[in-house]
Amino acid sequence: MIGLGTIINTAGIILGGVAGHFFGRLLKQRHQDSLTKACGVSVLFIGIAGAMEGMLRIQNGALISGQTMLISVCLALGALIGEILNIEDLFERFGEWLKIKTGNAKDQHFVDGFVTASLTVCIGAMAIVGSLQDGLRGDWSILATKSVLDLIIIMVMTCSMGKGCAFSAIPILVFEGSITLLATLLRPVMTELALNYLSLVGSILIFCVGVNLVWGKRIRVANLLPAIILAVAAAFLPFSL
């Protein structure tokens, strides 16, 4: 069944949010702070692992790195486009609207929780590649695996950052569902090289989300999202960055 992966992933996030909401009541503030840091460290290493996979390779028996120009150009131009469009502000406005509509107007952490959780579960190759596999082949195994990871991450984040994290199920439903539905049209675009570039830049953005979780909001990650589109476009240039 095409689209089943998106449904499973959305359900996993909701379950994680519900579990975190009830379990969080039993935790003191210092416990919640520690959970946030632990979650941040986990996200950092997920991002590092994905980035290193794209940057490092073995050549003539030696480990060498590459793609530094691709990363620099995509992130710099992506940040410029993102700041002009102010994508982070759009996320926050939507979070504020959700906060009011769901009766959480007094929850000061709702928007931060929603934005951080949404970026954590939406950014990355697993969401996009899994949605493509689901749409093109009806193979939802990647998204099923991702849903388990998201359930744990959202449960931990909800314990420390509040119920706003659970509402990240909305953007994941829209994001993955849209890619799944448009997978047939995207087939000519998503070549293997494009997926590799997407995975590399997406993993770096995941790392940035981890930085914000561990050290507080230091990077406007949503405004870096255009870098992912630029990374895919770079795969079709007549020269390599």
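The structure holds three aromatic pairs, where rings of Phe, Tyr and Trp (its six-membered ring) pair if their centres lie within 6.5 Å. Take Phe-110 and Phe-167: their ring centres sit 5.4 Å apart with the planes at 50°, so this pair is tilted (under 30 degrees would be stacked, over 60 edge-to-face, and the rest are tilted). Phe-110 belongs to helix H5 (residues 110-122) and Phe-167 to the loop between helix H7 (141-161) and helix H8 (169-181), so the pair ties together parts that are 57 residues apart in sequence. Helices (H or I, at least four residues) and strands (E, at least two) are DSSP runs, numbered from the N terminus.

Keep in mind that this is a predicted model: local features need pLDDT of at least 70, side-chain atom pairs count only at pLDDT 80 or more, and totals for chains, interfaces and linings use all residues. Residues are numbered from 1 along each chain as its sequence is written, and side-chain values use heavy atoms, with hydrogens and water left out.

Back to that pair: Phe-110 is buried at 0% relative accessible area, while Phe-167 is partly exposed at 23%. Buried means under 20%, exposed over 50%, and partly exposed in between (1.4 Å probe, protein chains only). Elsewhere, Phe-94, Trp-97 and Phe-114 form one aromatic cluster.

Now for the surface. Val-41, Phe-45, Ile-48, Met-52, Leu-56, Ile-58, Leu-63 and Phe-207 make a nonpolar patch of about 740 Å² (residues with over 30% relative accessible area and no salt bridge, nonpolar side chains joined within 5 Å; a salt bridge is a side-chain nitrogen of Lys or Arg within 4 Å of a carboxyl oxygen of Asp or Glu). H2 gives the largest share, four residues. Ile-58 lies in strand S1 and counts as exposed at 68% relative accessibility.

How values were computed. Patch = residues over 30% accessible without salt bridge, like charges linked within 9 Å, V, L, I, M, F, W, Y side chains within 5 Å. Areas by Shrake-Rupley, 256 points an atom, 1.4 Å probe, with all protein chains shown as cover.
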